[in-house]
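Biologist: Thanks for sitting down with me over this one. Could you take me through the fold, strand by strand?

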Amino acid sequence: MSDRSPVAGGETPSRSRGSLRTAVVWEVLRDALDHRVKAAGTDVLDVLDTGGGTGSFSVPVARLGHRVTVVDPSPNALFALERRAAEAGVAERVRGVQGDIHGLFDVVGRGGFDAVLCHGVLEYVDDPAEGVRNAVDALRPAGALSLLAAGLGGAVLARALAGHFNEARRALGDPAGRWGEGD
Ligand SMILES: C[S@@+](CC[C@H](N)C(=O)[O-])C[C@H]1O[C@@H](n2cnc3c(N)ncnc32)[C@H](O)[C@@H]1O
């Protein structure tokens, strides 16, 4: 039976806010993939994780039985991904490819995926709009895009919840939405 937790398989769940966010994103993503499975009439989806890093989402997705391609520019991240996939017993369903969201179609086919993940990547790229266009163009018709990017509302809320009200106020009024020098 497939494991349905993003923190299973030897990874230690923690009580950090980051792990809570991961758990919430995972719930939504898993439901979206289940929906695609039903709509596409197949048990196995082709999933692209662009900027997938060390596989914190792609390995759990592979544990659901799907085939995942991870495109990331970092060789270190891809190495860690390979090890994580092997430890989770899904190495044959996870393919790591060195590449960039801007040159996505140099390394994967256009329109070849039932779902595309782009989590926490647009903050790092030169042209976020092109990044989104490429992520969408990698989808098959009616495919699902899972897009996560930091936004002003989230930044303000995070600082306020941490008790840093001056930083929250500063982010709210800053044209770039930054809460301070450290942001
Ligand atoms: C904050 S990590 C997010 C990793 C993963 N998506 C997750 O949610 O755990 C950002 C990732 O984006 C990758 N990245 C940076 N620039 C990129 C680019 N131009 N194209 C694709 N990925 C990029 C980094 O190597 C890193 O793995």
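Biologist: How many bridges join strand β1 to β4?

Modeller: First, a word on ground rules: this is a predicted model, so local features need pLDDT of at least 70 and side-chain atom pairs count only at pLDDT 80 or more, while totals for chains, interfaces and linings use all residues. Residues are numbered from 1 along each chain as its sequence is written, and side-chain values use heavy atoms, with hydrogens and water left out. Strands here are DSSP runs of E of at least two residues, helices are runs of H or I of at least four, and both are numbered from the N terminus; two strands pair if DSSP finds at least two bridges between them. Strand β1 (residues 46-50) runs parallel to β4, and the number of bridges joining them is three.

Biologist: Which residue of β4 stands opposite Leu48?

Modeller: Strands of a sheet pair through backbone hydrogen bonds, either parallel or antiparallel. Here β1 and β4 run parallel, and the residue of β4 facing Leu48 is Val116.

Biologist: And on the β2 side, what is the bridge partner of Val47?

Modeller: β1 also pairs with β2, in the parallel sense, over five bridges. In β2, Val47 has as its partner Val68.

Biologist: In what order do the five strands form the sheet?

Modeller: The sheet is open and its pairing is parallel. β3 (94-98) and β5 (139-148) each have a single partner strand, so one side of each is left without a neighbour in the sheet.

Biologist: Which residue in β5 stands opposite Phe113?

Modeller: Strand β4 (residues 113-119) and β5 run parallel and are joined by six bridges. The residue opposite Phe113 is Leu139.

Biologist: Are the residues of β4 buried or exposed?

Modeller: Buried means under 20% relative accessible area, exposed over 50% and partly exposed in between, with a 1.4 Å probe and protein chains only. In β1, five of five residues are buried, with Asp46, Leu48 and Thr50 on one side and Val47 and Asp49 on the other. For β4 the count is seven of seven, so this strand is largely enclosed by the rest of the structure, and its residues are buried.

Biologist: What is the relative accessible area of Ala142?

Modeller: Ala142 is found in strand β5. Although not a glycine, Ala142 has a positive phi of about 70°. Ala142 counts as exposed, because its relative accessible area is 60%.

Biologist: Which residues is Gly99 in contact with, leaving aside its neighbours within four places in sequence?

Modeller: Gly99 lies in the loop between β3 and α4 (104-107), and counts as buried at 14% relative accessibility. Contact means heavy atoms within 4.5 Å. By that cut-off, the contacts of Gly99 are Val71, Asp72 and Pro73.

Biologist: Where does pLDDT stay under 50?

Modeller: pLDDT is the predictor's confidence in each residue, from 0 to 100. The protein chain averages 90, and 90% of the residues score at least 70. Where pLDDT is low, the predicted coordinates should not be read in detail. The stretch under 50 is residues 8-15.
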